[in-house]
Structure formats: C-alpha cells, structure tokens
Amino acid sequence: MKAVTTLKRTRENLGISQAELARRINVSRASVNMAEKKGLRNIRAAQRYAKALNCNPLDLIEL
C-alpha cells in the first residue's frame, strides 16, 4: 500500500474535493490526482497548491 502524500492529506483534512482544488489553481482534476499520487517535488507547484490550501508550500514538498 502506498503512503498518502502530504498534498492529499492536507486537501482531505480541509474537506476540499480534487475538483474544487483544481478549479482554485486552474488545472484539471486529473492533474491534481496525479500530483497527489506522485507528490509535489517542485517548489513552484507547491506554492500554487499551498496558496489554494492556505498552508506553507514547504509542508507540501515530498522529499
């Protein structure tokens, strides 16, 4: 079983759907799904997601 990424955990804790998050950052739901499966490793992407989720971008980066 794969570990849950911090992006997915954060989104679920806030009660936001993938579709809603995708709308907030102007990407497809499939893009959000892929980011949740692979994890965020790019600081620019993390900044976009963090702004929509109102959190620190560094908290979303997968090391």
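Predicted model: local features only at pLDDT ≥ 70, side-chain atom pairs only at ≥ 80, totals over all residues.

Student: Why are H2 and H4 called roughly perpendicular?

Tutor: Let's start with how such a pair is described. Two packed helices are described by the angle between their axes and the distance between the axes. Helices are DSSP runs of H or I with at least four residues, numbered from the N terminus. Axes are lines fitted to C-alpha atoms, for helices over the stretch in contact, and angles run from 0 to 180 degrees between N-to-C directions. The axes of helix H2 (residues 18-25) and helix H4 (residues 43-53) cross at roughly 110 degrees and come within 9 Å. Angles of 65 to 115 degrees count as roughly perpendicular, under 35 as roughly parallel, over 145 as roughly antiparallel and the rest as oblique. H2 and H4 are therefore roughly perpendicular to each other.

Student: What is the handedness of the crossing of H2 and H4?

Tutor: The crossing of H2 and H4 is right-handed. A crossing gets that name if the near helix is turned clockwise from the far one by less than a right angle, and is left-handed if anticlockwise.

Student: Which residues in H2 and H4 meet?

Tutor: Contact means heavy atoms within 4.5 Å. From H2 come Leu-21, Arg-24 and Ile-25, and they meet Arg-48, Tyr-49, Ala-52 and Leu-53 in H4. This contact of H2 with H4 has five nonpolar residues, no polar ones and two charged. Here Ala, Val, Leu, Ile, Met, Phe, Trp, Tyr, Cys and Pro count as nonpolar, Asp, Glu, Lys and Arg as charged, and the others, Gly among them, as polar.

Student: How do you know that H2 and H3 are roughly perpendicular?

Tutor: The axes of H2 and H3 cross at roughly 110 degrees, and they come within 8 Å. H2 and H3 are therefore roughly perpendicular to each other. In this contact, Gln-18, Ala-19, Leu-21 and Ala-22 belong to H2, while Arg-29, Val-32, Asn-33 and Glu-36 belong to H3. Four of the residues in the contact of H2 with H3 are nonpolar, two are polar and two are charged.

Student: What makes a nonpolar core?

Tutor: A nonpolar core is a set of buried Ala, Val, Leu, Ile, Met, Phe, Trp, Tyr and Cys residues joined through side-chain atoms within 4.5 Å. Buried means under 20% relative accessible area, exposed over 50%, and partly exposed in between (1.4 Å probe, protein chains only). The largest nonpolar core has 15 residues, of which Leu-7, Leu-21, Leu-40, Tyr-49, Leu-53 and Leu-60 touch the most other members. H2, helix H3 (29-38) and H4 are the elements that give two or more residues to this core. H4 gives the most to this core, with five residues.

Student: Which residues is Leu-7 in contact with, leaving aside its neighbours within four places in sequence?

Tutor: Leu-7 is then in contact with Leu-21, Ala-35, Glu-36, Leu-40, Tyr-49, Leu-53, Leu-60 and Glu-62.

Student: Why does Ser-17 count as partly exposed?

Tutor: Ser-17 is in the loop between helix H1 (6-14) and H2. Its relative accessibility is 37%, so Ser-17 counts as partly exposed.

Student: Why does Arg-24 count as partly exposed?

Tutor: Arg-24 lies in helix H2. At 41% relative accessibility, Arg-24 therefore counts as partly exposed. Leaving aside its neighbours within four places in sequence, Arg-24 is in contact with Ile-16 and Ala-52.

Student: Why is Lys-51 counted as exposed?

Tutor: Lys-51 lies in helix H4. Lys-51 has 74% relative accessibility, so it counts as exposed.

Student: What is the phi of Asn-54?

Tutor: Asn-54 has a phi near 55 degrees, a positive value in a residue other than glycine. Asn-54 lies in the segment after H4, and its relative accessible area of 73% is why Asn-54 is called exposed.

Terms used: Residues numbered from 1 in each chain as written. Heavy atoms only, no water.
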